[in-house]
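Please read the following explanation alongside the sequence and the coordinates.

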Amino acid sequence: MSTQTIAKPLRGRVAVVTGASSGIGEASAEKLAALGAHVVVLARRAERLTDLVARIEKDGGSATAIAADVTDKAALQEAADRVAAELGGADLLFNNAGVMLPAPVEELAADQWQQQIDLNITGLMNTIGAFTPQLVEAAGVRGVADLINTSSIAAQNIFPNFAVYSATKAYVTHLSRHLRAELGPKNVRVAAIEPGIVGTELQSHVTDRGALDWLEGSKETMEWLTPQDVAETIGFLATLPPRVNLQQVTIMPTAQAS
Ligand SMILES: NC(=O)c1ccc[n+]([C@@H]2O[C@H](COP(=O)([O-])OP(=O)(O)OC[C@H]3O[C@@H](n4cnc5c(N)ncnc54)[C@H](OP(=O)(O)O)[C@@H]3O)[C@@H](O)[C@H]2O)c1
């Protein structure tokens, strides 16, 4: 194997990353580009994406920005059509856009329930619907493709006041296990990553006082994960030999108990 192949194991691959304008998505896009993939960065904030593409290119990588709202099914199909036309299709999808809006259920914050369901479930499905044909086609040609969905430890653990968010993430994990069984025989690896607390913009959208206090308090008792910690794992999953599929990966801050 040449040194170049070892240094850039994802050379020739096309990775689509949703939620790439900040946090875990942004760091993972940078990691995948550093490993040699052409990265398509997708989120709503166009300017953040343009800056990210410039940074990736400055570091010797290649990337394309697509500003789109994943809750808009037609916009996602348009994005997928563009990836097919300009780049020959995606062989890695990091399906990562999401929002967390905890609140006691008795507050009846129905708009926030809907926002989480629309993004974490419907947006996730719009992205899977738009890109799965490309993943299956790519796997048929090159022998491997990857669908990596961002779930959370909330999919497994019980956090009072996080019921709707946690339920959306339980959906992501269970869906991923089913899709792995369905798409694995077609050489598409499917993984769910389940991080504990990561310092990103996710916490900045929280409006519930109790949840904010809990998050603030947790900072004093533990060191949160960084987006780069999760990005390393995404890079690891994508560079494993094609026969290896890590189905579910839990990534905890060392000092986070549950
Ligand atoms: N941080 C944590 O502690 C943690 C733990 C476990 C799991 N997670 C999960 O990790 C994923 C990434 O979150 P993060 O922590 O990196 O938070 P973040 O910094 O808030 O990132 C969320 C990303 O999603 C994008 N996004 C939001 N709404 C969108 C929409 N309608 N269409 C397209 N993109 C949209 C945002 O960009 P725009 O606003 O530009 O669209 C942003 O890039 C989420 O699924 C989250 O649930 C996070």
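The paragraphs below take up a strand, a helix and an aromatic pair in turn.

This is a predicted model, in which local features need pLDDT of at least 70, side-chain atom pairs count only at pLDDT 80 or more, and totals for chains, interfaces and linings use all residues. Residues are numbered from 1 along each chain as its sequence is written, and side-chain values use heavy atoms, with hydrogens and water left out.

Helices (H or I, at least four residues) and strands (E, at least two) are DSSP runs, numbered from the N terminus. Strand β1 (residues 14–18) is largely enclosed by the rest of the structure, because five of its five residues are buried, that is, under 20% relative accessible area with a 1.4 Å probe and protein chains only. Val-14, Val-16 and Thr-18 point one way from β1, Ala-15 and Val-17 the other. Val-16 has Val-40 as its bridge partner in β2 and stands opposite Leu-93 in β4.

Helix α5 (residues 110–142) has 33 residues and should span 48 Å at 1.5 Å a residue, which agrees with the 45 Å between its end C-alpha atoms; the expected span is 1.5 Å times one less than the number of residues. After α5 comes Gly-143, with a positive phi near 90°.

The rings of Phe-162 and Trp-214 have centres 5.7 Å apart and planes at 65°, so the pair is edge-to-face (centres within 6.5 Å; planes under 30 degrees apart are stacked, over 60 edge-to-face, the rest tilted; for Trp the six-membered ring is used). Phe-162 lies in the loop between β5 (145–150) and α6 (163–183), and Trp-214 in helix α7 (residues 209–221), 52 residues apart.

Note on methods. Buried means under 20% relative accessible area, exposed over 50%, partly exposed in between (1.4 Å probe, protein chains only). Two strands pair if DSSP finds at least two bridges between them.
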